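Grab a pencil and work through these exercises with the structure open beside you. Try each task before you read its solution.

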Amino acid sequence: MNPGALELAFLYEVSSLAWPGSEADLFDEVVEKAVRLFGVQRAALVLHDDTGQSTCHTWGFGRNKVNVLKEQPWQNRGPGRVYLKELGSPPLGNLYLERNEDFLENERRLLDVFSGRLANILQLHIWERKTRKLRERFRLVFENMPMVGALSFDREGRILHYNREVQKILGQDALLKDGDWLTRIRPAADFQKLLTRTWETGQVVEPGEWQIQTPEGDLRWALLTLVPVKQDEKVEEVFCMIIDITGRKQMEEELRRLSVFDSLTGLYNRNYFEQKIRQLDEEGVRPVSVIVCDVDGLKPVNDCLGHRQGDELLQKAAALIREVFPGEEAFRVGGDEFAVILPARDREAAQKACSILVETREKFNRGHTVIPLSISAGVGVTENPRRSVYDAYKQADDEMYRDKLQRCAAERYDVGRSLLAALFKNYPHIDKHARRVKELAWLLGKAAGLSTGEMDNLLLLAEVHDIGKVGLPDHILRKNEPLTKEEEEEMKRHCEVGYRIARCSPKLTPVAELILQHHEWWDGRGYPQGLKGEEIHLLSRILAIADAYEAMTAGRPGKKVMPGEEAMTELKQRAGTRFDPHLVEIFLKLLQEENGEILPSEVFHPERAAAVTAPV
């Protein structure tokens, strides 16, 4: 082929060379054109991948697969018969062509052009492949970004792309309706202005807090960022990132609330109380009255019944204060101390309000609570703008303590008596049981030869032995069916609770240990300490027999009433295991004398009533 014709044919072949879809197909085209145009008899194409590995495609070498670069098959050939060219920079591979006669200088020039075209095709393919990978990676990241909703939209608000997270936030319906999602963002007018400025200026909008209406109609907080996407200096679409920050906003609101409100009672806290005082001082509001209230007996309640009961007492005190001062700001300023600020109220008005608080407390106790609520209160007033409201608070605090000393000492001192009265009032069956046990214990104690002092303590023990039940849940105390295993374990707590209550009340202190021991067994299998034999106090052993006999003959949840003879048999069988055998023997003789009917009715024997019902 003459040089002119070869060059024209070559230019046509070069222009028609394109990526056919695979490296093998590309090599086949290269071989076909090289053979037809240059009479090539052997060819090889070495291609490097992204990892540095090489693939060698060969033609004309027969069954002997060779790596052209390593084995250098041209060494035994004349150098003019071989064409070897490095493709691209950095190198993408090498082209090797070989024939039986030398390549002319003009042919080598055309082959350089051909190699350049081949290198361009390979480079373009690599770029396209990398672009596809990047797009795929971006798509996967875009669609699966956790916690970040993402979408892009045009000037009409039509969504072009969106991920799963934004679908959760906006809802599928809003995404399908052109521009509908824009109406979900609040305030809508402000957001529309922001969008208009974004399209006009092409500037990125820094993250801002907006509210978004969910498909269910709820409003959630979101952090929105707008990024304009430009082409030829013109905004073509806007990319929007949405992060749901409702949880964070709720936490911020909760922290703000905690900085102002007391979490237990719902009243304002000490921090806000002091802020309010500063505000009133700065504004010069006068007069200002302050009422200070203190819950009496909180420590004994916490110590005896636990902090849960103490917290309930504080909540009831807060409810009472809210009831008496519905339009005023009330504060919990200490553990058991509350305050109410009354702007523009003089001492007379504050004293009247304090009297209403005391009256309401008495009504409250009659209808609301097992544990009586006792409150000491004091009033302080400041009328001089140069004196701080804090001075009125200190004055009210001092007056409250004087009230506590003068009026509430007895109430605080006898917490046990108050709890017992409340228990009997709310659970009459416990009161009735205590009165019957008291008579039985009196009879057995007398027969056992107790001294006068011992008899007094025994009667006191019989009356208050169940006082610890004030700390049990109401559903257990009122249950008419057998207790579950868990409820039985809960019931066992009443011995220890009763012990703690008695320790807090000087009038009950002498029987505190006896209350703790009244469910111990003679053989050591009782509770809560596992005492046995004479380790158990004599009075507790007497009470245990009287308590059991009364429960059997009067009936108890889940068990029928026993006739006296059956109850006597039960006591005899339990002598030496649960009960003191000597005391059981004495008690059985008493029963025999009474024909097994010590308690023939729910009413005491008249001749015993005076002795048994002496006040605690």
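**Exercise 1. The cavity**

Find out how many cavities of 30 Å³ or more there are, and describe the lining of the largest cavity.

*Solution.* Keep in mind that you're working with a predicted model.

Step 1: Rolling a probe the size of a water molecule over the atoms shows where empty space is left.

Step 2: Count what turns up: there is 1 cavity of 30 Å³ or more. The volume of the largest cavity is about 50 Å³.

Step 3: Look at the residues that line the largest cavity: Glu 520, Trp 522, Ile 536, Ser 540, Arg 541, Ala 544, Arg 578, Phe 579 and Asp 580.

Step 4: Sort this lining by type, and you get 4 nonpolar, 1 polar and 4 charged residues.

**Exercise 2. Strand E5 and its partners**

Work out which way the residues of strand E5 point, and which strands E5 pairs with.

*Solution.* Step 1: Find E5 at residues 148-153. Is this strand mostly covered or mostly open? It's mostly covered, with 6 of its 6 residues buried.

Step 1: In a regular strand the side chains alternate between the two faces of the sheet. Now check E5: Val 148, Ala 150 and Ser 152 point one way, while Gly 149, Leu 151 and Phe 153 point the other way. Residues on both sides are buried.

Step 2: Look for a neighbour. E5 and strand E10 (residues 234-244) run antiparallel and are joined by 6 bridges. Within E10, Val 238 is the residue that stands opposite Phe 153.

Step 3: Look for another neighbour. Strand E6 (residues 159-162) also pairs with E5 in the antiparallel sense, over 3 bridges. Here Ser 152 has His 161 as its bridge partner, and Leu 151 has Tyr 162.

Step 4: Follow the chain from E5 to E6. The two strands form a hairpin with 5 residues between them. In the turn, Gly 157 has a positive phi of about 85°.

**Exercise 3. Buried or exposed?**

Decide whether Glu 107 and Thr 225 are buried or exposed, then place each one in the structure.

*Solution.* Step 1: Start with Glu 107, which lies in helix H4 (residues 105-144). Its relative accessible area is 10%. The cut-off for buried is under 20%, so Glu 107 counts as buried.

Step 1: What is the C-alpha to C-alpha distance between Glu 107 and Phe 38? These two are 69 residues apart in sequence, yet 7.7 Å apart in space.

Step 2: Move on to Thr 225 in strand E9 (residues 219-231). Thr 225 is buried because its relative accessibility is 12%.

Step 3: List what Thr 225 touches, leaving out residues up to four places away in sequence: Val 205, Pro 207, Phe 239, Cys 240 and Met 241.

**Exercise 4. The whole chain**

*Solution.* Of its 616 residues, 44% are buried.

Step 1: Residues 24 or more positions apart account for 60% of them.

Definitions and conventions. Residues numbered from 1 in each chain as written. Predicted model: local features only at pLDDT ≥ 70, side-chain atom pairs only at ≥ 80, totals over all residues. Heavy atoms only, no water. Buried < 20%, exposed > 50% of the residue type's maximum accessible area, 1.4 Å probe, protein only. Helix = DSSP H or I, 4+ residues; strand = E, 2+ residues; numbered from the N terminus. Pairing = 2+ DSSP bridges. 1 Å grid on protein atoms, 1.4 Å probe; cavity = no way out; pocket = protein on both sides within 12 Å on 5 of 7 lines; lining within 4 Å. Points joined across faces, edges and corners; volume = space filled by probe spheres on them. Nonpolar A, V, L, I, M, F, W, Y, C, P; charged D, E, K, R; others polar. Contact = heavy atoms within 4.5 Å.
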